[in-house]
Number of protein chains: 2
Amino acid sequence: MELYEKKLTENKVYSGRIFDVYSDDIELPNGKTSKRDWVKHNGGAAILCLDKENNVYLVEQYRYSVGRVVLEIPAGKIDKGEEPYNSAIRELEEELGFRAEKIEPLGVILPTVGYVSEKIYLYLATEYDVVKQHLDEGEFVNIVKMPLSELIEKIENFEIEDAKTIIAVTRYILTKNKQ
Amino acid sequence: MELYEKKLTENKVYSGRIFDVYSDDIELPNGKTSKRDWVKHNGGAAILCLDKENNVYLVEQYRYSVGRVVLEIPAGKIDKGEEPYNSAIRELEEELGFRAEKIEPLGVILPTVGYVSEKIYLYLATEYDVVKQHLDEGEFVNIVKMPLSELIEKIENFEIEDAKTIIAVTRYILTKNKQ
């Protein structure tokens with residue numbers, strides 16, 4: 001069966017700083033009409049950062065939506081008109097205080113396709129200069145440095161629940177094994 | 001630094017069928033106030049289904065929020081008051097037409113912690129009876145059966161972008177390697 005859903009009427013129901021929300025009228029493959037509620041987000045960029053000794057740099061951050069501190073790789077929202085690559089370099093400097101000239105792509109993920117448009121672009125940084133952390137106003141994070149092997153163990157134990165962190169590490173290992 | 005964000009005022013700005021949206025006033029660790037926009041979702045359950053010949057059963061579905069067909073493991077929203085385990089069993093029967101008595105947990109993921117409350121509960125099904133697919137009204141999916149090795153290849157090539165699918169397969173392999 002040909003799968004599609006055609007937009008009939010676009011209805012923006014909320015306009016926010018991080019995302020907008022729509023409740024659109026659509027046409028289904030059988031010609032009937034339905035509603036689709038969805039969240040429009042400009043996309044995210046996240047970066048796995050490794051030093052020469054194979055330590056990884058993570059951030060601990062209170063995540064209000066899940067009501068607790070989450071351990072994750074540095075990440076942030078892509079600004080309007082910004083290239084994902086440049087967002088990742090910017091977040092690396094803001095959250096860790098590391099300035100990279102060059103980073104490597106680790107593909108894209110769709111975190112929750114059922115109702116969110118966000119794509120998260122993943123990158124790897126291994127070459128950078130240490131400069132100074134400069135967080136956005138209202139942003140509070142603790143930097144956590146650990147051996148990559150320890151992070152892999154936490155992933156194997158299902159202790160890491162943040163999707164982008166698990167997939168960035170998985171893809172890094174897959175890429176390295178191919179070389 | 002102690003990381004926390006305290007809710008001061010809860011403001012529901014949208015109430016939908018799949019999720020609600022809030023724009024809360026909060027207190028930051030430095031005592032200042034700010035806003036947090038977030039999406040409240042009751043959680044999802046997703047299931048990696050394998051047969052005796054090591055074939056995996058996926059679904060192709062048009063995902064309106066990303067504007068294209070996505071290949072993913074069967075999944076759905078947890079109904080209010082429903083156990084994640086039972087949601088996964090229900091989705092397996094609705095989307096694939098397979099009835100399982102027992103499934104195994106593959107942990108939890110947080111798909112996009114920055115602004116969504118959703119937790120996705122992952123499961124593995126290897127024992128089931130073939131009954132009949134019965135999709136929700138307005139739901140259209142094609143079932144795609146392929147060797148697990150082919151799906152792993154697609155994950156290795158970064159061709160699979162759906163986060164829950166990548167992580168369910170990764171965790172299944174990790175669990176199997178431990179046995």
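1. Helix axes are lines fitted to C-alpha atoms over the stretch in contact, and angles run from 0 to 180 degrees between N-to-C directions. The model under review is predicted. In chain B, helix 2 (residues 148-156) and helix 3 (residues 163-178) have axes that come within 11 Å and cross at roughly 120 degrees.

2. An angle of 65 to 115 degrees would count as roughly perpendicular, and one over 145 as roughly antiparallel. Helix 2 of chain B and helix 3 of chain B are therefore described as oblique to each other. The crossing of helix 2 of chain B and helix 3 of chain B is left-handed.

3. Which residues make this helix contact? From helix 2 of chain B come L148(B), L151(B), I152(B) and I155(B). Helix 3 of chain B supplies T165(B), I166(B), V169(B), Y172(B) and I173(B). By class, the residues of the contact of helix 2 with helix 3 of chain B comprise 8 nonpolar, 1 polar and no charged.

4. Chain B also holds an open sheet of 3 strands in the order 7-6-13, and the pairing is antiparallel. Strand 7 (68-72) and strand 13 (141-147) of chain B are the edge strands, each pairing on one side only. On average, neighbouring strands of this sheet are turned by 25 degrees against each other, direction ignored.

5. In general, strands of a sheet pair through backbone hydrogen bonds, either parallel or antiparallel. Here strand 6 (residues 55-63) of chain B runs antiparallel to strand 7 of chain B, and 5 bridges join them. Within this pair, R63(B) stands opposite R68(B) in strand 7 of chain B.

6. Two helices pack on the sheet. Helix 1 (residues 84-96) of chain B packs there and touches strand 6 and strand 13 of chain B; the direction of helix 1 makes about 75 degrees with that of strand 6 of chain B. Helix 2 of chain B packs on the sheet as well, touching strand 6, strand 7 and strand 13 of chain B. The direction of helix 2 makes about 100 degrees with that of strand 13 of chain B.

7. How is chain B related to chain A? The same surface serves both copies, as 100% of the contact residues of chain B recur in chain A.

Key
Residues are numbered from 1 along each chain as its sequence is written. Chains are lettered from A and ligands numbered from 1 in the order in which they are written. This is a predicted model: local features need pLDDT of at least 70, side-chain atom pairs count only at pLDDT 80 or more; totals for chains, interfaces and linings use all residues. Side-chain values use heavy atoms; hydrogens and water are left out. Helices (H or I, at least four residues) and strands (E, at least two) are DSSP runs, numbered from the N terminus. Angles under 35 degrees count as roughly parallel, over 145 as roughly antiparallel, 65 to 115 as roughly perpendicular and the rest as oblique. A crossing is left-handed if the near helix is turned anticlockwise from the far one by less than a right angle, and right-handed if clockwise. Contact means heavy atoms within 4.5 Å. Ala, Val, Leu, Ile, Met, Phe, Trp, Tyr, Cys and Pro count as nonpolar, Asp, Glu, Lys and Arg as charged, and the others, Gly among them, as polar. Two strands pair if DSSP finds at least two bridges between them.
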